[in-house]
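Colleague: I would like to learn how to read a model, one feature at a time. Please show me where to start.

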Amino acid sequence: MKKATAIAPSNIAFTKYWGRKDNILRLPTNGSISMTLSDLLTTTTVEFSPDYQKDQVTINGGGIEEGEAKRVIKHLDRVRNLSGINFKAKVVSKNNFPAGTGLASSASGFAALTLAATAAAGLNLSEKDLSILARQGSGSACRSILSGFVEWLDRNTSQTSYAVQIFPPDWWDIADVVAIFTEEKKDVSSNVGHKAAQTSPFFKTRIVRMKEKNRKFKEFIKERNFDKFGQLLEQEALEFHAITLTQTPYLIYWTPGTLTTMKLTRVWRNEGLEVYFTVDTGQNIHLFVEGKNIKKLVSELKKLDGIKNIIVNTPGEGTRLSGNHLF
Ligand code: DP6
């Protein structure tokens, strides 16, 4: 049987996918817009073979938790169903970023697994079909299939819920600079968080605002209006965290390092460095600047107490095949 390897990027959501209208199919309550990241990558090799007695999964040289393994095997089953192949698989995967920083994103992981497994099974899926399939493994993975600026459409069925490119990577010279303070793993998976989102008294209020927010993001990206884009980016991040903080059980993702940097963002802006933040379900903070300000921001970040790592991402390429197999 053929062996296939895929490289997939992580992505950062400008408008967050949080809460679902169907938990099994992973259909989100709202559409979302993201940027594919150039420098946070997962590489995965898959081989189906009659020689394998069971599915075996290795990530960064080690095993994975039972829950995670089940999710991967379920995804391999989806590919087996589509292709008619019954063989077990060997899956080896590695990230280009340090393990345990909370960046081990399911988005790049499931996007890479989707392309590698379908190619190994002899399928040649379109971007749309890859996005639909990746979504079922991890919602945000459907956006990592595409390059540049991406929209996950707000639709009601599995076959229509996928992501499309809205602008190519070279449309806008901006960067997402990720500041890493601690290397702790987050304690609650986003899967659990999504299911409880509706328990927040503010969830409905959030949802009615999302269509307009997505429309505005597309307009500001089209106009390359960094100031308006950045203000909306922060507003949306804070509204999203208002949900996680008020759902039951509540989820607090920020650490002191996250908060210090959020507050500093405004100080830096007052001093003339135009920078805006967003934060996902982890302690790492994503700082957006125009290309001309990357160096200045990085030098400010290096001065901070406890900063462990800084990763600069530009709008990146989507999921692609590679000839460099991991086994
Ligand atoms: C806050 O895609 O990780 O990053 O579908 O359960 O795998 P699952 O959830 P996941 O959720 C991402 C949540 C988010 C926002 C976003 O990326 O849109």
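Colleague: How many helices and strands does the chain have?

Modeller: Helices (H or I, at least four residues) and strands (E, at least two) are DSSP runs, numbered from the N terminus. The chain has nine helices and 13 strands. This is a predicted model, where local features need pLDDT of at least 70 and side-chain atom pairs count only at pLDDT 80 or more, while totals for chains, interfaces and linings use all residues. Residues are numbered from 1 along each chain as its sequence is written, and side-chain values use heavy atoms, with hydrogens and water left out.

Colleague: What radius of gyration would a compact globule with 327 residues have, and what does the chain have?

Modeller: The radius is taken over C-alpha atoms, and the globule rule is 2.2 Å times the number of residues to the power 0.38. For 327 residues a compact globule would come near 20 Å, and the chain, at 19 Å, agrees. Its C-alpha trace spans about 65 × 40 × 40 Å along the principal axes. Of the 327 residues, 54% count as buried; buried means under 20% relative accessible area, exposed over 50%, and partly exposed in between (1.4 Å probe, protein chains only).

Colleague: How do I read phi and peptide bonds?

Modeller: Most residues other than glycine have a negative phi, and most peptide bonds are trans. Here R26, not a glycine, has a positive phi of about 55°. R26 sits in the loop between β2 (20–22) and β3 (27–28) and is buried, at a relative accessible area of 8%. N60 has a positive phi of about 50°; this residue lies in the loop between β5 (56–59) and α1 and is partly exposed, at 35%. The peptide bond from T248 to P249 is cis, with omega near -5°, and P249 belongs to the loop between α7 (226–246) and α8 (256–270).

Colleague: Which residues lie nearest the centre of the second largest pocket?

Modeller: Rolling a probe the size of a water molecule over the atoms shows where empty space is left. On a 1 Å grid over the protein atoms alone, a pocket is an open set of points where a 1.4 Å probe fits, with protein on both sides within 12 Å along at least five of seven lines; lining residues have an atom within 4 Å of a point. Of the 13 residues lining the second largest pocket, N23, I24, R26, K74 and R78 lie nearest its centre. The elements giving two or more residues to this lining are α1 (66–83), α3 (127–137) and α5 (190–196). The largest share, four residues, comes from α1.
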